[in-house]
Amino acid sequence: MTTVELTRFRVEPSRVDELLGARAAMLADFRADRAGFLDARLVRLPGDHWLDIVTWRTPEDFAASRAKGANLPGIGAFFAAIAELVSAEEGAEPPIPGS
């Protein structure tokens with residue numbers, strides 16, 4: 001089963017362009033530095049809230065990534081644009097029988 005990270009955060013309207021501009025470098029850093037990183041989707045929610053949906057190969061890969069934090073410039077720039085962490089959850093994506 002893959003692990004899904006759901007992180008909801010708030011971004012000041014004046015920093016949205018900064019957040020979006022940093023996204024490509026953040027994803028490149030994740031691909032280069034984070035074992036088990038599979039993909040990520042960024043969703044804009046109502047108001048100033050966003051949801052980052054990140055898929056990991058295993059819970060251990062996700063835990064190792066969290067331990068590294070913003071260790072590379074692209075990741076740090078993306079995190080710097082975030083005003084507030086609203087929530088962070090982890091779940092398992094079960095396999096679909098017959099697929």
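Phe62 is found in helix α2 (59-68), where helices (H or I, at least four residues) and strands (E, at least two) are DSSP runs, numbered from the N terminus. The model is a predicted one, in which local features need pLDDT of at least 70 and side-chain atom pairs count only at pLDDT 80 or more, while totals for chains, interfaces and linings use all residues. Residues are numbered from 1 along each chain as its sequence is written, and side-chain values use heavy atoms, with hydrogens and water left out.

At 3% relative accessibility, Phe62 counts as buried, a word that stands for under 20% relative accessible area, with exposed meaning over 50% and partly exposed the range in between (1.4 Å probe, protein chains only). Apart from its neighbours within four places in sequence, Phe62 is in contact with Thr3, Glu5, Trp56 and Glu90, contact meaning heavy atoms within 4.5 Å. Ala24 lies 38 residues away along the chain from Phe62, and the C-alpha atoms of the two are separated by 20 Å.

From this helix residue the reader can turn to the sheet. Four strands form an open sheet in the order β2-β3-β1-β4, with antiparallel pairing; two strands pair if DSSP finds at least two bridges between them. Because β2 (37-44) and β4 each have a single partner strand, they stand at the edges, and one side of each is left without a neighbour in the sheet. From one strand to the next, the twist averages 15°. Eight bridges join β1 and β3 in the antiparallel sense, and the bridge partner of Thr7 in β3 is Asp52. Helix α1 packs on the sheet, touching β1, β2 and β3, and its direction makes about 170° with that of β2; for such angles, axes are lines fitted to C-alpha atoms, for helices over the stretch in contact, and the values run from 0 to 180 degrees between N-to-C directions.

β2 and β3 also pair in the antiparallel sense, over seven bridges, and Arg41 has Ile53 as its bridge partner in β3. The two strands form a hairpin with four residues between them, and in the turn Gly47 has a positive phi of about 75°. Thr55 has its place in strand β3 (residues 49-56), and with a relative accessible area of 12% it is buried. Among the contacts of Thr55 beyond four places in sequence are Thr2, Phe37, Asp39 and Glu93.

Strand β4 holds Val86, which counts as partly exposed because its relative accessibility is 36%. The C-alpha atoms of Val86 and Arg8 are separated by 5.3 Å, although the two residues are 78 apart along the chain. Not counting residues up to four places away in sequence, Val86 touches Arg8, Phe9, Arg10 and His49.

Of the 20 residues that line the largest pocket, the closest to its centre are Glu5, Thr7, Arg66, Phe79 and Leu85. The elements β1 (2-10), α1 (16-33), β3, α2, α3 (73-80) and β4 (84-93) each supply at least two residues of this lining, and β4 gives the most, with four residues.

Conventions:
On a 1 Å grid over the protein atoms alone, a cavity is a set of points where a 1.4 Å probe fits but cannot get out, and a pocket is an open set with protein on both sides within 12 Å along at least five of seven lines; lining residues have an atom within 4 Å of a point.
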